Amino acid sequence: MYVQALALRDFRSYACVDLELVPGVNLFVGPNGHGKTNLMEAVGYIATLSSHRVSSDIPLVRRGASSAIVRCTVISEQRELLVELELVPGKANRARLNHSPVARPRAVLGALRSVLFAPEDLALIRGDPAERRRFIDDFLVTRSPRFAGVRADYDRALKQRNALLKSAGIRYRSGRRRGGNSTENEPNFADLPTLEVWNVHVARHGAELLAGRLAAIHDLSPYVEKAYHAVSESAAGARLGYSSSLTQALSKGTSCDSLNDDQTSLLSADKDVLRSQLLAGLAQVRSAELERGTTLVGPHRDDLILRLGELPAKGYASHGESWSYALALRLACFELLRAEGSEPVLILDDVFSELDNQRRKLLGDVAIKASQVLITAAVAEDIPSSLLQVRDTGARFDVADGVVRRVY
Ligand SMILES: Nc1ncnc2c1ncn2[C@@H]1O[C@H](COP(=O)(O)OP(=O)(O)OP(=O)(O)O)[C@@H](O)[C@H]1O
Ligand SMILES: [Mg+2]
């Protein structure tokens, strides 16, 4: 799979740019702030419908413009696919596949698969659990686009349930204060049957998401271990684990250390079993949820645990180790998708400058295997020589003052 053409209108700093890319190595070289990452972000957006830098679409639209267009021609198994997205902040984005409008942008997921590694990925190691949940869920969607629907259904059910808990919780607490007929374990008011309905939705979609995450972690783990070993000199192995609010709710009273117990093995891989476990978990924490007015059990409260030897990477890993770990996570995604036959486009945004010569060479060796790799660097000297030597098949673009010029 590769991107043959990329066209942007009013995307970030670009009023209008049209690029022809090549399979294999594509280099984008230019000074800081001249628009290299903006191009990578656009390709990443087509693949995931989100930016790796910002959560809102507003900064993606050129200042002064009201909407942006990203258009990509993707070649996959000799078939050509034109994917077009129109980003309209404050309104629903629109998408077209081969010129035909699709019902919702989600329908274009899977047309382009990419794995993007960027300096922002350090947050995977050092940031909040939300960063790691997003990493694993984005990977799920790349691997199997139907998870975009599962994720949206779960988020919707969770939002409704939280709204209900919030209003029910207010009455529950005021009922308790008045000493009314609500008891701590069995509050009695009209909202509870509706709550049961949302429990069922949250448990159904939550179980599917949870099962997908556990399977992804199981499959990614050996690749992460291998990639970390390759990109670091550390003897400590990188291992993935999962910290689950469900296990914690169900094992209340027994000792369950989210860090040391491997919760991936405590949780069932079967989504029907997970669904009943989630319902049981929700029942277990109901009074606490009414007190706090929010859902306390489910994949939205979980975390992907990144271990380095016996320690968690977060809070313990050095800068270099954290960087290697983040790189290993992305390379693992890339290698697993390749092993499953989907040949994703690899995007390496400004990563070589952080690596020493040995690691540069190593990453260069991985990149050269990709059906297509897009690489940005402020100076060409940072790019490993193996990637500079493919002048006859690769392409190099110089990016300066918002103009992208093909050099070879
Ligand atoms: N919505 C927008 N409208 C206009 N300009 C924008 C918008 N968003 C970002 N820019 C401009 O784009 C430029 C940043 O581009 P980009 O991040 O692609 O740079 P870069 O070449 O990757 O730099 P570096 O080498 O430092 O990573 C900045 O000058 C920024 O002001
Ligand atoms: Mg950049």
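This is a predicted model: local features need pLDDT of at least 70, side-chain atom pairs count only at pLDDT 80 or more; totals for chains, interfaces and linings use all residues.
1. Now pick out L329. Setting aside neighbours within four places in sequence, L329 touches L124, I125, F135, V224, L240 and L306.

2. Y45 and A47 bring us to helix α1 (residues 36-48), where they are among the buried residues. How many of the 13 residues of α1 are buried? Twelve, so the helix is mostly covered. Its length checks out too: at 1.5 Å a residue, α1 should span 18 Å, and its end C-alpha atoms are 19 Å apart, which agrees.

3. Next, the rings: the structure holds three aromatic pairs. Why does the pair F28 and F397 count as stacked? The ring centres are 4.9 Å apart and the planes sit at 10 degrees, so under the 30-degree cut-off. F28 is in strand β3 and F397 in strand β14, 369 residues apart. F28 is buried at 1% relative accessible area, and F397 is buried at 2%.

4. Y228 and Y325 make a tilted pair, 5.5 Å centre to centre with 45 degrees between the planes. Y228 belongs to helix α5 and Y325 to helix α10, so this pair ties together parts 97 residues apart in sequence. Y228 is buried at 1%, and Y325 at 0%.

Note on methods. Residues are numbered from 1 along each chain as its sequence is written. Chains are lettered from A and ligands numbered from 1 in the order in which they are written. Side-chain values use heavy atoms; hydrogens and water are left out. Contact means heavy atoms within 4.5 Å. Helices (H or I, at least four residues) and strands (E, at least two) are DSSP runs, numbered from the N terminus. The expected span of a helix is 1.5 Å times one less than its number of residues. Buried means under 20% relative accessible area, exposed over 50%, partly exposed in between (1.4 Å probe, protein chains only). Rings of Phe, Tyr and Trp (its six-membered ring) pair if their centres lie within 6.5 Å; planes under 30 degrees apart count as stacked, over 60 as edge-to-face and the rest as tilted.
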